[in-house]
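Subject: Structure for your review

Dear colleague,

Please find below a structure for your study.

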Amino acid sequence: MAAQKDLYDAIVIGAGIQGCFTAYHLAKHRKRVILLEQFFLPHSRGSSHGQSRIIRRAYPEDFYTQMMDECYQIWAQLEHEAGTQLHRQTGLLLLGMKENSELKTIQATLSRQGVEHQCLSAEELKQRFPNVLLARGEVGVLDKSGGVLYADKALRALQDAIRHLGGLVCDGEKVMEIKPGFPVTVKSTAGSYQAKSLVITAGPWTNQLLRPLGIELPLQTLRINVCYWREKVPGSYGVSQAFPCFLGLGLSPAPHHIYGLPSGEYPGLMKVCYHHGNNVDPEERDCPEAFSDIQDVQILGRFVRDHLPDLEPTPALLEPCLYTNTPDEHFILDRHPKYDNVVIGAGFSGHGFKLSPVVGKILYELSMKLTPSYDLTPFRMSRFPGLGKAHL
């Protein structure tokens, strides 16, 4: 444990991917940083565990597509530093009805931002990906830069890099109290720490830490079923067959997005998931599944049966994961309205992993009172009415 009297430049709470990248940027800029994690690492109780995530430039919003340029650079840099492969380019196939407005918007964003992509008719899709069945009127857009991130390897590489750069990673330390002010004091189950600034990247536990500081963010914690489906012929949806990641937009029978990654993590199993879940208390994430969880898996089963005929239509494996969402599904990257040396990063789930290199950089900049590299208008907490000073 660190000496009680040490004054750190920053304390980061939460060693998920956002907290790790924040601590990494701080340590890289020779700041004295301590990263506190309530669970012992590695753990599977939050949102950053598991072997894989999708990386893509395909977004409806220009600001995310723009941020992804630097994200790809930092991912490549981390991969080089770690000497471990953290990313594999597979392409990302977006599927939707020809008239789907989100598909059209993403296509327009990719064109505007000069991202290489290809529009595929139903006929072209059939030729390229014969083991994907399409309903009448469904078309595709291929984001060639899309691919797979190796999530657990990335977390490990970051935690090693933080230590190598002189930062402290303290796991199994639950934060019990935050005393705002300058310096800010954080008391954990193992000790007391002081720092010039504090960054909170605690996922589903964010509001638990913020309530005593006078604010509550409109965050919703959902439990998602991460489902793996057995290939009838092993490898038929694999990277070796040049099968891409995919994202289904409004495809029957699902009201929400469905996404998939080529088989590889578990031999012979393909990850296909529903981008939606059910409310859960993060302390009770391991409770038996609700009826609505079972409905979500049934929706997925019908999608797999109708669109991916070379998979068994019943999942072989289910793993729970937590999402923490804001009402508009955009991140919160901001300072506490009363304590400007307390920085908050929240609401990442479902699409935050790929963007974490730049999110971490922004949180580092906010904590050091530097001018942010990006326009933070879409990420300010003031966009939610009823928040802010009135609550303090």
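The notes below concern a helix pair and then the cavities.

This is a predicted model, in which local features need pLDDT of at least 70 and side-chain atom pairs count only at pLDDT 80 or more, while totals for chains, interfaces and linings use all residues. Residues are numbered from 1 along each chain as its sequence is written, and side-chain values use heavy atoms, without hydrogens and water.

Helices α1 (residues 17–28) and α5 (residues 151–164) have axes that come within 9 Å and cross at roughly 30 degrees (axes are lines fitted to C-alpha atoms over the stretch in contact, with angles from 0 to 180 degrees between N-to-C directions). Helices here are DSSP runs of H or I with at least four residues, and strands are runs of E with at least two. In the contact (heavy atoms within 4.5 Å), α1 supplies Ile17, Cys20, Phe21, Ala23, Tyr24 and Ala27, and α5 supplies Leu155, Leu158, Gln159, Ala161 and Ile162.

The structure also holds three cavities of 30 Å³ or more. A cavity is a set of points on a 1 Å grid where a 1.4 Å probe fits but cannot get out, and lining residues have an atom within 4 Å of a point. The largest has a volume of about 50 Å³, and β13 (220–230) and α7 (291–307) each supply at least two residues of its lining. Among the residues lining this largest cavity are Arg223, Tyr274 and Asp296. The second largest cavity contains about 40 Å³ of space, and its lining includes His275, Glu329 and Phe348.

Yours sincerely

How values were computed. 1 Å grid on protein atoms, 1.4 Å probe; cavity = no way out; pocket = protein on both sides within 12 Å on 5 of 7 lines; lining within 4 Å. Points joined across faces, edges and corners; volume = space filled by probe spheres on them.
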